[in-house]
Amino acid sequence: MRLSSALISLIFMTTPLFAQEFETPTETQKDEIIEKANDILRKAGVSGARIQKNPEGKLVLAGTFLTYDEFLFAIMLMNNHFGPQQVKPIYDTRLAIIKKTPTELCLIYALRGQECPHGRFAVEKPARISPVQAKKFALVIGVSRFLDPTIPPVAGADADARAFEQYLRENGYQTVLLVDSQATVDNVKKALRDLYSIIPEGSELVVFAASHGAPVDERGEVGIVLYDSSQRTRCQVDPKASDKYIDASLKMCALVKNAFSIKEHVIDTFANRKVNIYVVLDACYSGDALRSYTGLDNPYYVASTSEYERVLKSAPNLDMVVTASSGDRMSWGGALAGEFRNRLISFVGSNSRILRADTQTQTPAFNTRGITVTGTKNRQGKPQQSLSESSPRAGQQSSQVTQESKHGVFTAFFLEALQKNSGLIAKSYEEAYPEINAVSKQLCLQVYKSPQKCPPDGQQPALYRIRKSEHSFQQR
Amino acid sequence: MLKKVLIGSLGLALLSHAQATKSCEEMLDSSPKSRLTIDTAKNVAVGALVGGAIGAMLDESNRVRGGIIGGILGALGGTAISILQNESRFMENYDKAAKRYGYSPSMGEFIAIETVSPKNALNMGEYANLIVKVVVLTPEGSRGDSAYPVTIRSYLKQRDYLLPLGSENYYFQNGTTPLVYNIPVCNLFKPGEYSIVFEGIAFGKRVSNEVVFRVN
């Protein structure tokens, strides 16, 4: 380091950290100072530097400085000759350019694994990363019961949210968890506003939501039903549905008001803030949660993954979206056998995350999720008392099934895969995909008892890689 | 003719390879860093086209000459517009910054660091243009004429620690001042994600923010 810069560094270091008050010279005095100062700078060999008025009329250093040391040297000269009351040491980007800063110079040394000679700071002991520097944020929503009595509960959506929130928190995320009655429209909006105000640019924002998924309009954009959302239309099986399976038939039968819209509440809110957004949704038809980007009118036509990935490039900041099901499939959930974090996940009960499923064949089947499924019968034709009786893994779990052990099929398998695969989203999705489809198909058959009503390929979770091909939630 | 095309292509290929594998020192020496000239390509192109067309139209005696001169002037105009746009995009006076942060004088002295990387994925031979916005807000507000000393430190984020890079000292006024860093993506970079943490120290407070870019 040059002696001059060392001296100047010392000047800065010893400058008390409070404001420096300056007296303003007159315009004539300013012109005299400019002439004299520029002469001093030229004679000192700082050829690119000059003193000039900034747009606010203050005298500041301007020009091109080859190095930061040169900039400091010029400041020292001006301080010595005129003092800060006449030439202000303010750095003004509009006027001064420092070609090589210590950051730029020392990065080269850092990449070589060498100590940087361009500043004392660079030879200090490396600092440990503290939580203050964490830049991972998450909004986690889980709604299992609703204010509107006509909306059936979604057993386990709250547990999904808690499990996902715990996973993110353990991996360095600052989380906001809104469960059941906390997850009102106002609270969700407030949480996003609060996040917006504190989230630094370049941060990562994960939005997870588990609840019912239902269209918010006639074009089929799907919103996540919040605690105080309400139904706009009664559920009717739509005869226009071209899909022979029950999923698509029911898609448009219940529209909701005040649902959580990923586009409106997340993408648009953070549009002018540079953050990386990851969305994970466990809800029926959640593959169509960003449908408006496709411009499609027919709600029964579901865009392909590649179509979605293409159009979603226009969604600012959106990096990846993982959804429990495609835009024409229900998402299923049920009671888990065993602990959530067990390697082997098995579902012993079922219900879907569709808003309402009042059909002639299954009147009350979706009103509960988990322990009992009213209106279904076991293999012997007797009324079912416990889901464990109709479980594909009957006998593994029975009375031990608790409220806490209910989960969405997608969340359970996806979270398990994330834990196994170091948080890698795409890899975990690929791994969980066949299991989610197999189990969801089984649960559908368990409820509807008819292969004609259940899609043979399951609920079809979707992954849209918009700007990143892979990302890890466990990345530090 | 074919021979000329082949030789020309080979020359271009060698030139582009040489650019891609330039040493870090060479790239740093030839850094195009200037005022906030990021994202200028579009304005420069539009300026050059419009200027060229107008120049060709006006210079009736020699339309090619008119087009070239008009194009150059148009490109310069486009650059100037970009710089002004960027300045209004990244700089803020006290009122604007205070409003954005919901700051009130009762909160005392305030400092924040924001980082912007206009381009997330970079190829060898390119420069990562990083902008660090330093927000300084004090109870004095827009009334006073004060400047506040702020230390900016930078770190390269490694797996579990921060490797110090540089420490710089500046005086800033109330409001938001952007600092521009041109990081040469030179031959020392390996493909992968890089993260630089910028820390601002003032008023006895430390704030930090991180900027991430990917090298292809």
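Me: How many helices and strands are there in chain B?
Reply: This is a predicted model, in which local features need pLDDT of at least 70 and side-chain atom pairs count only at pLDDT 80 or more, whereas totals for chains, interfaces and linings use all residues. Residues are numbered from 1 along each chain as its sequence is written, while chains are lettered from A and ligands numbered from 1 in the order in which they are written. Read along the sequence, chain B follows the pattern α-α-α-α-α-β-β-β-β-β-β-β-β, where helices (H or I, at least four residues) and strands (E, at least two) are DSSP runs numbered from the N terminus. Chain B therefore has, by this DSSP definition, five helices and eight strands.

Me: What percentage of the residues of chain B count as buried?
Reply: A residue is buried if 20 or more other C-beta atoms, placed from the backbone, lie within 10 Å of its own, exposed if 12 or fewer do, and partly exposed in between. Of the 216 residues of chain B, the share that counts as buried is 41%.

Me: Is B:Glu168 buried or exposed?
Reply: B:Glu168 lies in strand β5 (residues 161–172) of chain B. Leaving aside neighbours within four places in sequence, B:Glu168 is in contact (C-beta atoms within 7 Å) with A:Tyr68, A:Thr101, A:Pro102 and B:Ile152. Because 23 other C-beta atoms lie within 10 Å of its own, B:Glu168 is buried.

Me: How far apart in space are B:Glu168 and B:Gly200, C-alpha to C-alpha?
Reply: In sequence, B:Glu168 and B:Gly200 are 32 residues apart. In space, their C-alpha to C-alpha distance is 9.7 Å.

Me: How is helix α11 of chain A oriented relative to α12(A)?
Reply: Helix α11 (residues 409–420) of chain A and α12(A) pack with their axes 9 Å apart and at an angle of about 155 degrees, the axes being lines fitted to C-alpha atoms over the stretch in contact and the angles running from 0 to 180 degrees between N-to-C directions. Angles under 35 degrees count as roughly parallel, over 145 as roughly antiparallel, 65 to 115 as roughly perpendicular and the rest as oblique. The angle therefore makes α11(A), relative to α12(A), roughly antiparallel.

Me: How many nonpolar residues are in the contact of α11(A) with α12(A)?
Reply: The contact is made by residues including A:Phe410 and A:Phe413 of α11(A) and A:Ile436 and A:Val439 of α12(A). Ala, Val, Leu, Ile, Met, Phe, Trp, Tyr, Cys and Pro count as nonpolar, Asp, Glu, Lys and Arg as charged, and the others, Gly among them, as polar. Besides two polar and two charged residues, the number of nonpolar ones is 11.

Me: How are α2(A) and α3(A) oriented to each other?
Reply: Helix α2 (residues 27–43) and helix α3 (residues 68–81) of chain A pack with their axes 11 Å apart, at an angle of about 135 degrees. The contact is made by A:Ala37, A:Ile40 and A:Leu41 of α2(A) and A:Ala74, A:Leu77, A:Met78 and A:His81 of α3(A). To each other, α2(A) and α3(A) are therefore oblique.

Definitions and conventions
Contact = placed C-beta atoms within 7 Å.
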